[in-house]
Amino acid sequence: MDSPPSTDPAASALDSDPAAASPSASGLRDRFEAAFWERHANPWSAGTRILVYPVLMCAVYRRDRRLFLAALAFTAVNPVLFPRPARTDNYLSRIVLAERAWLDAGRGTMGLDYPNVLNVLNVPVTLYAVVSAIRRRPVGTLLGTLGVMVLKLWWVDAVVKETGVTGRGPDADSAE
């Protein structure tokens with residue numbers, strides 16, 4: 001049974017032609033931003049980015065500058081490292097699309113409202129993880145790192161649910 005094409009605002013951005021934008025400075029910026037989000041919606045981009053934080057904590061714990069710099073470099077290029085995905089109806093792509101829709105709606109990432117309060121709670125947990133790694137406390141580093149990841153994944157899951165982003169399947173282009 002074929003599913004209808006997505007009506008997600010974030011998913012429809014993936015279907016737009018970036019070349020159709022005006023050549024003005026804001027048009028160029030919009031095309032760059034659209035290309036960034038389109039490529040970042042690749043599940044490999046989202047999935048590998050989730051794993052960067054534990055690598056950073058490991059690098060801090062081990063005092064490994066090369067690993068730390070490699071993780072930072074990977075974080076910087078990750079959103080554009082992978083190609084635009086053929087489909088975005090998988091959970092990892094929906095995380096990215098939901099985050100874009102959330103930010104485009106001006107809902108921010110920090111605040112006392114749910115789910116943004118999860119990011120506020122993440123600040124002291126992140127500090128605990130970093131301090132534990134600097135002091136080479138393995139249990140604190142592990143617990144802090146897990147806490148950061150749980151809070152971040154909880155936040156993105158809540159954003160996916162609140163935005164209702166569903167992505168688009170392989171036959172979305174042919175159904176239009």
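**Basis**

The model is predicted: local features need pLDDT of at least 70, side-chain atom pairs count only at pLDDT 80 or more, and totals for chains, interfaces and linings use all residues. Residues are numbered from 1 along each chain as its sequence is written, and side-chain values use heavy atoms, with hydrogens and water left out.

**Fold**

The chain has 9 helices and 0 strands. From the N terminus, its elements run α-α-α-α-α-α-α-α-α. Helices (H or I, at least four residues) and strands (E, at least two) are DSSP runs, numbered from the N terminus.

Of the 176 residues in the chain, 35% are buried. Buried means under 20% relative accessible area, exposed means over 50%, and partly exposed lies in between (1.4 Å probe, protein chains only). Take the contacts between residues at least 6 apart in sequence: 75% of them join residues at least 24 apart. Contact means heavy atoms within 4.5 Å.

**The largest pocket**

Rolling a probe the size of a water molecule over the atoms shows where empty space is left. The largest pocket holds about 670 Å³ of space. Its lining has 24 residues, and those closest to the centre are Arg49, Ile50, Tyr53, Lys152 and Val156. The search uses a 1 Å grid over the protein atoms alone and a 1.4 Å probe; a pocket is an open set of points with protein on both sides within 12 Å along at least five of seven lines, and lining residues have an atom within 4 Å of a point. Grid points are joined across faces, edges and corners, and the volume is the space filled by probe spheres set on the points.

Which helices build the lining? At least two residues each come from α2 (25-40), α3 (43-50), α4 (52-62), α5 (65-81), α6 (91-104), α7 (116-134) and α8 (138-163). Helix α8 gives the largest share, 5 residues. By class, the lining has 16 nonpolar, 5 polar and 3 charged residues. Ala, Val, Leu, Ile, Met, Phe, Trp, Tyr, Cys and Pro count as nonpolar, Asp, Glu, Lys and Arg as charged, and the others, Gly among them, as polar.

**Charges**

Side chains of opposite charge can pair when their charged atoms come close. A salt bridge here is a side-chain nitrogen of Lys or Arg within 4 Å of a carboxyl oxygen of Asp or Glu. The count comes to 6 salt bridges. The table lists some of them.

| Pair | N to O distance |
|---|---|
| Arg87 and Asp89 | 2.6 Å |
| Asp104 and Arg100 | 3.6 Å |
| Arg107 and Glu162 | 3.4 Å |

Arg107 is partly exposed at 36% relative accessibility. Glu162 is partly exposed too, at 39%.

Asp104 and Arg100 are separated by about one helical turn, because they are 4 residues apart in helix α6. Asp104 is exposed at 53% relative accessibility, whereas Arg100 is buried at 11%. In the remaining listed pair, Arg87 is partly exposed at 39%, and Asp89 is partly exposed at 28%.

Glu99 lies in helix α6. Glu99 is buried yet has no salt bridge. How far away is the nearest side chain of opposite charge? That side chain, Lys152, is 4.7 Å away. Lys and Arg count as positive and Asp and Glu as negative; His and the chain ends are not counted. Leaving aside neighbours within four places in sequence, Glu99 is in contact with Trp37, Trp155 and Val159.

**Backbone sites**

Most residues other than glycine have a negative phi, and most peptide bonds are trans. Arg63 has a positive phi, near 60°. Arg63 sits in the loop between α4 and α5 and is partly exposed at 45%. Arg136 also has a positive phi, about 55°. Its place is the loop between α7 and α8, and Arg136 is partly exposed at 42%.

A cis peptide bond joins Tyr114 and Pro115, with omega about 10°. Pro115 is in the loop between α6 and α7.
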